[in-house]
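Have the structure open as you read.

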Amino acid sequence: MPILLLGGTGEARALAARLHPEHDIVSSLAGRVPDPALPVGPVRIGGFGGVQGLRQWLRDNQIDAVVDATHPFASTMTAHAAQVCAELNLPHLVLSRPPWDPGGAIRVASDVEAAQVVADEGFSRVFLTTGRSGVAPFTSSHAWFLIRVVTPPDTDLLPCNHEVLLSRGPYGYDDECALLRDNTIDVLVTKNSGGALTEAKLEAAENLGVTVVMIDRPALPAGVAVVSTVDEAAEWVTDLEHH
Ligand code: NAP
């Protein structure tokens, strides 16, 4: 029973490790990150070419089910998978890790709204952790930005005062505190990504009195089956194959 596992997250790699080689899975990565951490087992890399391309790929590869373990903010891929699986009547599961507790964060619905809050509240030293595609709304800001990304953002999108910090998690509490302190950060901007690997920045910000602006997750497509742990997703696959 060939299963497509949409990945790009630690959870997707953990799920692949649980399922391979007992189950016939192929993992899929978008191909954005050079030298990505690869899951075990077969992997394909690159976009499918929209809804049509995905539909064709699933047919060509005789896929019987799809587990979407993409990042909670990869909403286009998630929407495409939900649409095509519904059309083809394929079993489909979303593995979405639990969100962080926003605590005292200022919650916003988008990166554009986050940029508005930073401007309205007059923050001057911003730690921006919303990823390469989250920089654009801040381009015209005159605050200073520490921009932590895995791959460099387009240079024409960068705000005039900034430093780009190229790095990949996980990050520890002490290092996050040092980064906030050394750069005299007054606001942290983050997506509500969830997960342990990048969570330390929240505790560091809270303990140092740094304001957090947190972007809420996009809604999942209506009616999809969702689990929040790798164990539940592995169980779903096992159950599927026993029926
Ligand atoms: P997105 O906006 O939802 O997707 C944009 C396009 O990228 C999709 O339409 C699809 O292209 C392609 N794509 C995305 N995920 C794919 C996958 N697993 N396999 C094959 N093609 C994929 O996604 P995104 O936010 O750019 O994220 C891209 C990848 O990075 C995802 O795999 C995600 O899990 C990972 N990631 C994202 C974030 C984040 O904050 N967004 C953070 C960490 C990791 P086609 O239309 O051509 O099929």
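This is a predicted model: local features need pLDDT of at least 70, side-chain atom pairs count only at pLDDT 80 or more; totals for chains, interfaces and linings use all residues.

Residues are numbered from 1 along each chain as its sequence is written, and side-chain values use heavy atoms, leaving out hydrogens and water.

**Around Val43**
- Val43 belongs to strand β3, residues 43-45 (strands are DSSP runs of E, at least two residues; helices are runs of H or I, at least four; both are numbered from the N terminus).
- Together with Leu38 and Ile45, Val43 forms a nonpolar surface patch of about 260 Å² accessible area (Shrake-Rupley method, 1.4 Å probe, only the protein chains shown count as cover).
- Patch members have over 30% relative accessible area and no salt bridge, with nonpolar side chains (Val, Leu, Ile, Met, Phe, Trp, Tyr) joined within 5 Å and like charges within 9 Å.
- A salt bridge here is a side-chain nitrogen of Lys or Arg within 4 Å of a carboxyl oxygen of Asp or Glu.

**The sheet**
- Six strands form an open sheet with parallel pairing, in the order β3-β2-β1-β4-β5-β12 (strands pair if DSSP finds at least two bridges between them).
- At its edges are β3 and β12 (225-227), each pairing on one side only.

**The helices**
- Strands β4 (residues 65-68) and β5 (residues 92-95) run parallel, joined by 3 bridges.
- Helix α1 (residues 10-19) packs on the sheet and touches β1 (3-6), β2 (25-29), β4 and β5 (contact means heavy atoms within 4.5 Å).

Definitions and conventions:
Axes are lines fitted to C-alpha atoms, for helices over the stretch in contact, and angles run from 0 to 180 degrees between N-to-C directions.
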